[in-house]
Amino acid sequence: MVRERKLQGEGVCWSLRLWSAAVISILLLSTCLIASCVVTYQFTMDKPNRRLSELHTNYSSFTCFSEGTVVSDKVWRCCPEDWKPFGSHCYLVSTLNSTDSAASWMESKKKCSRMGAHLLVIHNKEEQDFITGILNSGHAYFIGLWDSGHRQWQWVDQTLYNESARFWHNGEPSSDNEKCVILNHRLNTGWGWNDIPCNDKQKSVCQMKKIYL
């Protein structure tokens, strides 16, 4: 009888040990999972903060817009002050009174790059219509499209040149010696693309991705 009780007691102790080990394992796994989530979240949040820190070397302030809530936290999309927002991008048009508003294609490309941006890349008709809606029809503007050789058109951000999303004026492109592209307005046909020599001095449009917070 005493031995049976002893065996039962040992069985209970063994079960308690197993349950204790299981509970401790679950707690440890939960702790690791929480820590992993915190590290991942911090890394995700650090990326826009680093991007903002980099952009603050060129810009003193930003304009941000709320995109509603995700898991009860607001998501903000931001553009530098004076840049125009559209879709997932921000746009800066050369101003009339800027001393470097007219420049060659390469100079314009470098100017955008110094601001953490690139020359305008047009992805679709909606973007083309938005851009032309904020431009001055009396001026022409370099965009980020150029001829890399043998009329192989390329965008500066490596986006594929989409034959179905192109907006050339009638008769353009017109010359193998004109390897850079402007967006300009013609009285009878409106806005469109035109190839010109890269050394011509024109205004330009810079573009960058919005910052998400």
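Q: In which sense do strand β6 (residues 141-147) and β10 pair, and over how many bridges?
A: This is a predicted model, so read each value as computed from it. Strands count as paired when there are at least two bridges between them. Here β6 and β10 run in the parallel sense, with two bridges. Take Tyr 141 as an example: its bridge partner in β10 is Lys 203.

Q: What other strands pair with β6, and in which sense?
A: Look at β8 and β7. Strand β8 (180-186) is joined to β6 by three bridges, and the two run antiparallel. Find Tyr 141 again: Leu 183 in β8 stands opposite Tyr 141. Strand β7 (153-155) also pairs with β6 in the antiparallel sense, over three bridges. There, Trp 146 faces Gln 154 of β7.

Q: How many residues lie between the strands in the hairpin of β6 and β7?
A: Five residues separate the two strands.

Q: Which strands pair with β10 in the antiparallel sense?
A: Strand β4 (residues 89-93) does, over five bridges. Strand β5 (residues 118-119) does as well, over two bridges. Gln 207 is the bridge partner of Tyr 91. Gln 207 also has His 118 standing opposite.

Q: Why is β10 described as largely enclosed by the rest of the structure?
A: Go residue by residue and ask how much is accessible. Buried means under 20% relative accessible area. Strand β10 (residues 203-209) has six buried residues out of seven, so the rest of the structure largely encloses it. Strand β6 is mostly covered too, with six of seven residues buried.

Q: What share of the protein chain is buried?
A: Of its 213 residues, 34% are buried. The chain exposes about 13,500 Å², and 57% of that comes from carbon and sulfur atoms.

Q: Where does Glu 178 lie, and is it buried or exposed?
A: Find the loop between β7 and β8; Glu 178 is in it. Glu 178 is buried. To look for a partner, start with opposite charge. A salt bridge needs the charged atoms within 4 Å.

Q: What residues does Glu 178 meet instead?
A: The side chains of Glu 178 and Ser 174 share one of 3.4 Å. Then set aside sequence neighbours within four places. Glu 178 is in contact with Arg 151, Trp 153, Asp 195, Ile 196 and Pro 197.

Q: How many helices and strands does the whole chain have, and what pattern do they follow?
A: Count three helices and 11 strands. Along the sequence, the order is α-β-β-β-β-α-β-α-β-β-β-β-β-β.

Key: Residues are numbered from 1 along each chain as its sequence is written. This is a predicted model: local features need pLDDT of at least 70, side-chain atom pairs count only at pLDDT 80 or more; totals for chains, interfaces and linings use all residues. Side-chain values use heavy atoms; hydrogens and water are left out. Helices (H or I, at least four residues) and strands (E, at least two) are DSSP runs, numbered from the N terminus. Buried means under 20% relative accessible area, exposed over 50%, partly exposed in between (1.4 Å probe, protein chains only). Accessible areas come from the Shrake-Rupley method with a 1.4 Å probe; for residues, only the protein chains shown count as cover. Lys and Arg count as positive and Asp and Glu as negative; His and the chain ends are not counted. A salt bridge is a side-chain nitrogen of Lys or Arg within 4 Å of a carboxyl oxygen of Asp or Glu. A polar contact is a pair of N or O atoms within 3.5 Å; within protein, one must be able to donate a hydrogen and the other to accept it, and residues adjacent in sequence count only if both atoms are side-chain atoms. Contact means heavy atoms within 4.5 Å.
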